[in-house]
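Visitor: I have a structure open and would like to learn how to read its features one at a time. Could you walk me through it?

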Amino acid sequence: FLISDAGVLKRLDASLIGGTNTPAFLAYNASNQTIANATWTKVVADTEVLDTDGKYTSNAFTPTVSGNYWIYASVLFDDGDTNNEIELQFYKNGSAVANPRMYQEIIPHKTAHDFTLRLSGIIVLDSDDYVELFVYHNVGADQVLVDDFTNFGGYKLIT
């Protein structure tokens with residue numbers, strides 16, 4: 001960067017500004033996952049696209065660096081039935097995070113449709129915390145999360 005100070009040009013090295021958005025991760029599900037009715041189920045996102053510091057294992061992110069993290073996810077239900085609900089929830093250290101939480105009531109249609117849920121938000125994590133993704137539905141029969149359309153990711157925010 002060049003900065004003018006009363007006509008005198010000064011140089012500022014960009015590497016001295018801010019920090020990095022790491023650790024960071026992104027993973028997706030390489031195959032369909034069956035979700036049982038009326039049960040909170042951990043989402044399998046077993047194929048890593050990005051894992052900057054090797055902190056994503058067993059479908060959970062343990063950053064080992066305290067900070068504020070932007071965590072996001074998206075799932076696609078294959079042919080969800082009507083008049084039911086589907087939910088997406090982050091879990092921190094094995095317990096549901098109060099906010100954010102995504103809920104969608106399936107609007108009545110003449111036939112079943114695919115439904116996508118997206119969830120994102122800031123979660124404060126200590127060095128020993130971990131985050132997982134869980135999904136729920138009450139359709140009655142097992143439902144399927146579609147491979148390649150189910151993803152889970154996050155990164156540390158620069159503060």
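Visitor: Let's start with K92: how does its relative accessibility count?

Guide: Happy to begin there, and please keep in mind that this is a predicted model. Buried means under 20% relative accessible area and exposed means over 50%, with partly exposed in between. K92 has 27% relative accessibility, so K92 counts as partly exposed.

Visitor: Where in the secondary structure is K92, and which residues is K92 in contact with beyond its neighbours within four places in sequence?

Guide: K92 belongs to strand β10. Setting aside neighbours within four places in sequence, its contacts are V97, I123, V124, L125, D129 and Y130.

Visitor: How many salt bridges does the structure hold?

Guide: There are two. In the other pair to look at, the side chains of E132 and K42 meet at 2.8 Å, N to O. Here too, distant parts of the chain are linked: E132 lies in strand β13 and K42 in strand β5 (residues 41-42), 90 residues apart. E132 is buried, with a relative accessible area of 9%, whereas K42 counts as partly exposed at 25% relative accessibility.

Visitor: Now the aromatic residues. How is a pair of rings described?

Guide: By the distance of the centres and the angle of the planes. The structure holds nine aromatic pairs. Take F25 and F61: their ring centres are 4.3 Å apart and their planes stand at 25°, so the pair is stacked. F25 is in strand β3 and F61 in strand β8 (residues 60-61), so the pair links distant parts of the chain, 36 residues apart. F25 counts as buried at 1% relative accessibility, and F61 counts as buried at 0%.

Visitor: And how do the rings of F25 and F152 pair, stacked or edge-to-face?

Guide: Their centres are 5.1 Å apart and their planes are at 80°, so this pair is edge-to-face. F25 in strand β3 and F152 in strand β15 (residues 151-156) are 127 residues apart, another link between distant parts of the chain. F152 is buried as well, with a relative accessible area of 1%.

Visitor: Which residues form one aromatic cluster?

Guide: F25, Y56, F61, Y69, F90 and F152.

Visitor: Let's turn to the nonpolar core. Which residues of the largest one touch the most other members?

Guide: They are I71, L88, F90, L133 and F152, out of 26 residues in that core. Several strands each supply at least two residues of this core: β3 (24-28), β9 (67-80), β10 (85-92), β12 (113-125) and β13 (131-137).

Visitor: To finish, how many helices and strands does the chain come to?

Guide: Zero helices and 15 strands. To read how the chain comes together, look at contacts with a separation of 6 or more: residues 24 or more positions apart account for 74% of them.

Visitor: And what do burial and accessible surface come to for the chain?

Guide: Of its 159 residues, 37% count as buried. The accessible surface comes to about 8,500 Å², and 51% of that belongs to carbon and sulfur atoms.

Note on methods: Residues numbered from 1 in each chain as written. Predicted model: local features only at pLDDT ≥ 70, side-chain atom pairs only at ≥ 80, totals over all residues. Heavy atoms only, no water. Core = buried A, V, L, I, M, F, W, Y, C linked by side-chain atoms within 4.5 Å. Buried < 20%, exposed > 50% of the residue type's maximum accessible area, 1.4 Å probe, protein only. Phe/Tyr/Trp six-rings, centres within 6.5 Å; stacked < 30°, edge-to-face > 60°. Salt bridge = Lys/Arg side-chain N within 4 Å of Asp/Glu carboxyl O. Contact = heavy atoms within 4.5 Å. Areas by Shrake-Rupley, 256 points an atom, 1.4 Å probe, with all protein chains shown as cover.
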